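Reader: I have a model open and would like to go through it with you. Can we start with the charged contacts?

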Amino acid sequence: VDMPYKTTAEGLFDLPYGFASQHMSHVATKSGVPVGFWRSVGHSHNAFFSESFIDELAVATRQDPLAFRLQWLKDAPRYAAVLKLAADKAGWGQALPKGRALGLALHESFGSIVAQVAEVSMQGGMPRVHRVVCAIDCGTVVNSGTVAQQVESSVIFALTAALYGQIDIQEGVVQQNNFTNYPLVSMAQSPVVETWIVPSTNAPEGVGEPAVPPLAPAVANAMYKLTGKRLRSLPLVA
């Protein structure tokens, strides 16, 4: 059996959903562009692929995205508990202000399971993320304030990447060279971030990166509800 190349395929070859048939593959390629490590590494883009596709399956089978996921997590109670907590605290299924929608995503990385629900509207063709409700099972927690801080910073980091993380190369030169053309999410653009911790007696696991991967698919899934357009690439330009 061929073993997956971890950095490339991490977060894809070990999904928790109990589908009888699953196939994930990737092709190794050489690039002339030097790349380095990224917060949450391969999980960042792979969670976008997998959790966007899970949402597509829910839509194709005309099921609620939450109910669809829970149906395939019957043998993965830790994952289901995290997902239920995030959905409950976000008010999944309840009425929202006009022009807003919720999107959710679930992903495990670095030993911790994270679910996020993003409340999104569209403004000028761009998503405006108003609120992100995050549930995390990271094992035994020593300092809950530290967990919340890491989750909040992960959300802002991931949202910046999802909205603005594009690099253009012309004649071998990167065009983005400063904040003017490679912006960050400002405080005025930052969503309210809520962190809910699942009580656990398991060994402590990571909190510095696991809240990054679910953000982009949660926002993209909300955008689909608002626009009817499925975005399959990053950054999220509608």
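Reader: Which residue forms a salt bridge with R69, and how far apart are the closest N and O atoms?

Author: This is a predicted model, to begin with. In it, R69 forms a salt bridge with E51, and the closest N and O atoms are 2.9 Å apart.

Reader: Where do the two sit in the chain?

Author: R69 is in helix α3, residues 65–71, and E51 is in helix α2. They are 18 residues apart, and the pair links distant parts of the chain.

Reader: How many salt bridges does the structure hold?

Author: Six.

Reader: Switching to the sheet. What's the strand order?

Author: β1-β2-β3-β6, four strands in an open sheet with mixed pairing. The edge strands are β1 (100–109) and β6 (192–197), each of which pairs on one side only. From one strand to the next, the twist averages 20 degrees.

Reader: And β3 with β6, parallel or antiparallel?

Author: Parallel, over six bridges, with β3 covering residues 126–137.

Reader: Which residue is the bridge partner of C134?

Author: T195, in β6.

Reader: Which strands does helix α4 lie across?

Author: Helix α4, residues 77–90, lies across β1, β2 (112–123), β3 and β6. Relative to β3, helix α4 runs at about 135 degrees.

Reader: Pockets next. How much space lies in the largest one?

Author: About 1,400 Å³. The lining of this largest pocket has 39 residues.

Reader: Which of those lie nearest the centre?

Author: V35, G36, W38, S44 and H45.

Reader: What supplies the largest share of that lining?

Author: Helix α2, with five residues. The elements that each supply at least two residues are α1 (6–9), α2 (42–60), α5 (144–164) and β5 (173–174).

Reader: How does the lining of the largest pocket divide by class?

Author: Into 25 nonpolar, 12 polar and two charged residues.

Reader: What about the second largest pocket, how much space lies in it?

Author: About 270 Å³.

Reader: Which residues line the second largest pocket?

Author: L12, L15, F19, S21, Q22, H23, M24, F49, S50, F53, I54 and L57.

Reader: How many of the second pocket's residues are nonpolar, polar and charged?

Author: Eight are nonpolar, four are polar and none is charged.

Methods
Residues are numbered from 1 along each chain as its sequence is written. This is a predicted model: local features need pLDDT of at least 70, side-chain atom pairs count only at pLDDT 80 or more; totals for chains, interfaces and linings use all residues. Side-chain values use heavy atoms; hydrogens and water are left out. Two strands pair if DSSP finds at least two bridges between them. Axes are lines fitted to C-alpha atoms, for helices over the stretch in contact, and angles run from 0 to 180 degrees between N-to-C directions. Contact means heavy atoms within 4.5 Å. On a 1 Å grid over the protein atoms alone, a cavity is a set of points where a 1.4 Å probe fits but cannot get out, and a pocket is an open set with protein on both sides within 12 Å along at least five of seven lines; lining residues have an atom within 4 Å of a point. Grid points are joined across faces, edges and corners, and a volume is the space filled by probe spheres set on the points. Ala, Val, Leu, Ile, Met, Phe, Trp, Tyr, Cys and Pro count as nonpolar, Asp, Glu, Lys and Arg as charged, and the others, Gly among them, as polar. A salt bridge is a side-chain nitrogen of Lys or Arg within 4 Å of a carboxyl oxygen of Asp or Glu.
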